[in-house]
Each structure stands twice: as structure tokens, then as C-alpha cells.
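Please open the model in a viewer and keep the sequence panel at hand.

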Amino acid sequence: MNTVTDSAPAPCDTGDMGLGLGPGPVRVSVLVVGGSLSGLSAAVLLARHGVDCLVVERRPGIGTHPRSRVLTARSGEVLRSVGLESAIDAVSRRPSGWFQTDTLADPVWTRLGPAEDPTRSISPAGSRLCDQNRLEPILLTAARRQGRRVLYGHELTDFVQDPHGVTARVLDRSTGRSRTVRCDYLLAADGTRSPVREALGIELDGRRGEPRFLSAVFAADLDPVLRGRHPTAVVFRARQVLFARGTAEEPLWEYGIPDSPFAAGAREDELGRFARDRIREVTGLPGLEPDVRSVLRWGASAVIARRFREGRVLLLGDAAHTMPVIGGLGGNTGIQDAHNLAWKLAAVLHGRAGGQLLDTYDVERSRVASHTLWHVLATARGLPQALHPETLQLGYLYPDPAGGPDPGPCEDPFRPTGRPGSRAPHLWLRDTAGRRLSVLDLFGTRFTLLAGPYGSRWLPAGTRAAAVLGVPFAAHRIGGPRGALCDPRGTFTARYGIGPTGAVLVRPDGYVVRRWGTAPDTEAALEGAVREALEQPAALGAEPVRSAA
């Protein structure tokens with residue numbers, strides 16, 4: 001791939017390429033390169049914010065190997081916010097615990113870790129086991145249902161940035177024809193060997209892994225040795241692992257082994273025979289004939305890009321950071337990259353913020369990725385200071401937009417503080433009709449003000465400040481007299497660290513901007529806090545970006 005700054009690429013064939021847009025260059029607000037987990041998540045989240053986008057993916061379709069398996073509670077919250085929780089539940093199972101034994105046929109298994117998901121007490125979503133090849137079709141359907149175009153078998157061949165946008169060339173691999181795409185921003189979600197990142201000359205820190213692991217997904221009747229047990233995973237000698245895949249209705253299994261003896265280029269039938277022999281050993285079923293669906297060799301890379309933004313190009317997912325599979329944090333961090341970025345792109349494209357807001361994406365997400373990667377590696381090495389994956393995912397902290405003291409990159413999500421930069425803590429509420437909802441369900445596309453039970457004066461002040469700034473805004477009073485959302489346990493003010501007349505301001509992605517223990521000059525306080533969150537000066541002087549859609 002070639003990239004040049006401040007010049008135009010050579011003309012392309014302007015055939016329709018199946019886009020249904022007629023001749024001429026395609027114009028779109030955001031071009032997403034890569035249609036896997038991060039890219040499809042970006043498309044769905046951008047659509048929710050009213051941003052037009054086009055996704056191009058060089059593969060002919062969604063892969064068949066399940067790859068990522070764990071959907072953390074935080075990613076579950078993100079996808080719940082766009083209405084996908086029920087669809088994901090239909091193809092998922094809840095974690096049920098890790099075990100260790102010599103073979104599945106052994107009568108005694110040793111439990112490793114808790115049987116229940118501890119995040120169910122602090123998240124409305126909780127974690128799930130959801131194979132990537134089952135999650136991606138849900139995201140694809142959601143993106144297309146909202147009118148976002150996703151093209152498989154299409155490859156970005158080069159792109160050029162200028163002060164006003166990006167001009168790209170996209171190749172239809174089935175026909176050999178190219179098309180010009182003009183966009184305001186380009187998102188690189190094109191994997192750990194990202195051609196976009198390499199074209200920009202962005203270096204990586206860390207180590208890339210050579211193929212050292214083998215995994216095989218198979219179907220087999222293991223009921224005779226499971227004897228009613230439903231493990232999340234079982235660990236055997238020589239670091240061999242058997243993972244539960246698929247769903248309870250359509251169970252699959254994945255066998256994994258490190259240090260595969262095969263060299264690169266080994267034939268698939270050789271890998272399949274090796275996997276079948278090992279599966280018979282670990283199950284304790286010498287006559288088993290597993291139906292091996294796919295075999296994959298892969299390496300455990302641990303790398304992070306030195307920057308996540310270069311002008312109008314932003315990296316997310318594996319293009320920005322690649323992590324070992326421990327805890328399934330790579331794919332989940334990519335989903336949360338998209339969540340952080342979507343509302344900021346919308347604010348810039350809709351003229352509510354200048355382009356400098358996108359610098360906070362680099363600052364915030366590179367910090368999270370670095371911290372997460374360190375702990376994944378610490379876990380792999382058995383270091384005692386490594387944090388649990390769910391603590392990382394629910395407890396990471398962004399810098400305080402007001403420039404307050406940095407409390408560090410993470411807090412204990414089981415003891416939330418509600419401090420600026422933290423994920424707004426979950427608690428169950430009831431609306432005026434008596435329906436149960438999480439406070440997290442109030443967030444998504446707008447800045448949200450949550451006032452204490454006697455903080456009524458914040459509500460009109462929020463409306464006036466939002467009108468001055470021209471930002472989408474919602475305000476709610478939690479607890480107290482009639483007309484408020486009911487706080488059955490009376491924990492809202494303690495969870496968020498405010499008084500009964502105080503308030504807290506939350507970003508569209510559910511992170512706390514500012515909180516006030518009492519009621520100061522409410523309108524000025526709110527206006528200043530929103531400006532800080534949008535990186536706005538006192539009078540927004542930056543020229544709004546006009547969407548190309």
C-alpha cells in the first residue's frame with residue numbers, strides 16, 4: 001500500500017462495484033478498513049450516533065474459526081447499549097468455571113477459580129462466552145439494518161490525507177476494478193499486521209509471535225465423560241486446554257496446545273490428524289472420532305502502536321494493539337476502542353467539537369491498552385501483581401479532563417468511586433412506570449446529567465447549558481420526591497461520591513466528566529464541564545468539519 005500526504009492518488013475506475021451509488025467517487029463520512037470485530041463494532045456504534053460509514057474487508061466473508069471467545073462485562077455493556085444483548089445471549093453461554101484434571105474421563109476434577117461470574121453484581125450485562133464467528137454476524141446484521149454498507153472481498157490499496165479529508169482507493173478483489181472513496185476520517189481496523197499502520201510508518205513496541213500454538217475446533221459427544229459437568233475450560237498436562245465453544249444447544253469444543261511441532265506451511269490434513277490424536281488422549285476416549293471443523297496455527301504477539309492517530313487516520317483493535325489470548329482482552333479492548341471513538345467522531349463531524357477532541361482517543365485508549373497488555377503478560381508469567389481481566393475492563397481510568405490529580409490507570413470496580421475519568425458505576429433503578437433499568441441504560445448518545453434526590457435546580461440549568469453549546473443532553477434526578485427515577489437501595493449518592501443536592505455529568509460512552517457534591521452556579525459549572533469534555537475553548541473557534549455524507 002502507498003500513502004502520500006497533501007497530494008492526490010491516480011484516477012481509478014469509477015464503476016459501481018456493487019455499492020448501488022452510481023458512477024463517480026463514493027463520498028462517506030468515515031471509511032472503516034477491516035470488517036472483523038473492531039471494524040463492525042465501529043460501524044454499529046457510528047450508526048447509533050448518526051454517522052455514515054463504509055466498511056471494506058479484504059476477506060470474502062466472516063471467518064469460520066471462532067477465535068475470540070470471551071465477551072467481558074464491559075463489552076457486554078457496550079453492545080447492550082445498542083440493543084444487541086438478546087441476540088448475543090441467544091448464541092452465548094455464561095462462564096461456569098475452569099477445571100484441571102489428567103483426562104476428562106478421570107472422576108476427580110480440581111476447580112480453578114470461582115464458579116459464578118463475579119461481575120453480575122456490578123454490571124447489568126456480566127461476561128459471556130461468545131465465539132467471534134457468532135458475534136460478528138450479529139454486528140454485521142445490525143450495521144446493515146441501520147443502512148451502513150459492509151463490503152467483503154474489497155481491499156484498500158492506497159490512501160492520501162489532506163487538510164480536509166482522506167482520498168482512498170478500494171479494489172474489488174473479485175473483479176479487479178477499483179473505486180475512489182472520499183471520506184472525512186479513515187479508521188484502520190485491519191489487524192495486527194495493519195497495512196494502513198505500516199503505510200503511515202507508525203512503529204510498534206513489543207514482540208510479535210511466530211506460529212507456536214495450535215487450536216482445533218471440533219464436535220463430539222463428550223457426555224459419557226462429562227457426567228453432567230459443564231466446564232468453561234479444562235486444563236491438562238503440557239498446558240493443553242479444552243474450551244467449551246458454541247452454545248448449549250449446539251456445543252462445540254476447542255482443543256489448544258502450545259509449542260506445536262509443525263513448521264510453517266504444514267498441511268491441514270497433518271494438523272488435523274495430530275489434533276485428533278491429542279483430543280483422544282485428553283478426553284480419555286481412545287475410540288472417539290471427533291468431527292474437526294477447523295484447525296489454526298497462531299502466534300501470541302504482544303505489541304502496541306506508538307500512536308493511535310496520524311492526522312485523519314485512527315487505529316483501533318489489533319491494528320493499535322495485539323495481546324496474547326489470556327482473558328480474551330484483545331478483541332474486547334478493540335470493541336471499547338470503537339466505543340470511545342464513535343461519540344468523539346460524531347461530535348467532530350456534527351460540528352460540536354474541533355478535531356483536537358480526537359487526540360483524547362489516542363491519550364485515553366493507548367493508556368488503557370498499555371496497562372492491559374502489561375497485566376496480560378504478568379498473568380502469563382504468573383506474577384502476583386497481575387489484575388483479574390474483569391478488574392481491568394471495568395476499572396480502567398481515563399485522565400481527568402479538568403486536569404485533576406492522576407489516581408493511576410485503574411481502580412477496583414467492586415469499590416467504585418465515581419471520580420472523573422472512571423466508568424459510571426452500575427446500579428439498578430426503577431422508572432416512573434415501575435420498570436427496572438440500569439443507570440448505564442441512560443447513557444449512549446448524549447451527555448447525561450444525574451442529579452441527587454434534592455438536586456432539582458440542576459435540571460433546567462443542564463437544559464440551558466446544552467442549548468448554549470448545541471450538544472445532545474439528558475438530565476435525570478435519582479431518588480427523592482415524585483417525578484424522579486427510583487433508587488430502591490438509596491445507594492446513588494454514595495456510589496457517585498456526591499451529596500443529595502449534588503450532580504454528576506457523564507459522557508456519551510458512560511465515563512464521568514465531573515461531579516459536584518453540592519449545587520454551585522449550576523449552569524456555568526455544567527457549561528465548563530462539557531467544554532472540557534469536548535476539548536472546546538471558551539468560544540469554539542475551530543471550523544466545524546462538514547460531513548461528506
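**A three-stranded sheet**

Begin with the open sheet that 3 strands form in the order β12-β18-β21, with antiparallel pairing. Strands here are DSSP runs of E of at least two residues, helices are runs of H or I of at least four residues, and both are numbered from the N terminus; two strands pair if DSSP finds at least two bridges between them. Select 204–207 for β12 and 321–322 for β21: these strands stand at the edges with a single partner strand each, so one side of each has no neighbour in the sheet.

This is a predicted model, in which local features need pLDDT of at least 70, side-chain atom pairs count only at pLDDT 80 or more, and totals for chains, interfaces and linings use all residues. Residues are numbered from 1 along each chain as its sequence is written, and side-chain values use heavy atoms, without hydrogens and water.

Next, select residues 302–305, strand β18, which pairs with β21 in the antiparallel sense over 2 bridges. Which residue of β21 is the bridge partner of I304? The partner is H321.

**The helix across the sheet**

Now select residues 359–380: helix α9 lies across β18 and β21 and runs at about 170° to β18. Such angles run from 0 to 180 degrees between N-to-C directions, with axes fitted to C-alpha atoms, for helices over the stretch in contact (heavy atoms within 4.5 Å).

**The whole chain**

Finally, select the chain, which has 13 helices and 27 strands. Its C-alpha atoms fill a box of roughly 75 × 65 × 40 Å along the principal axes.
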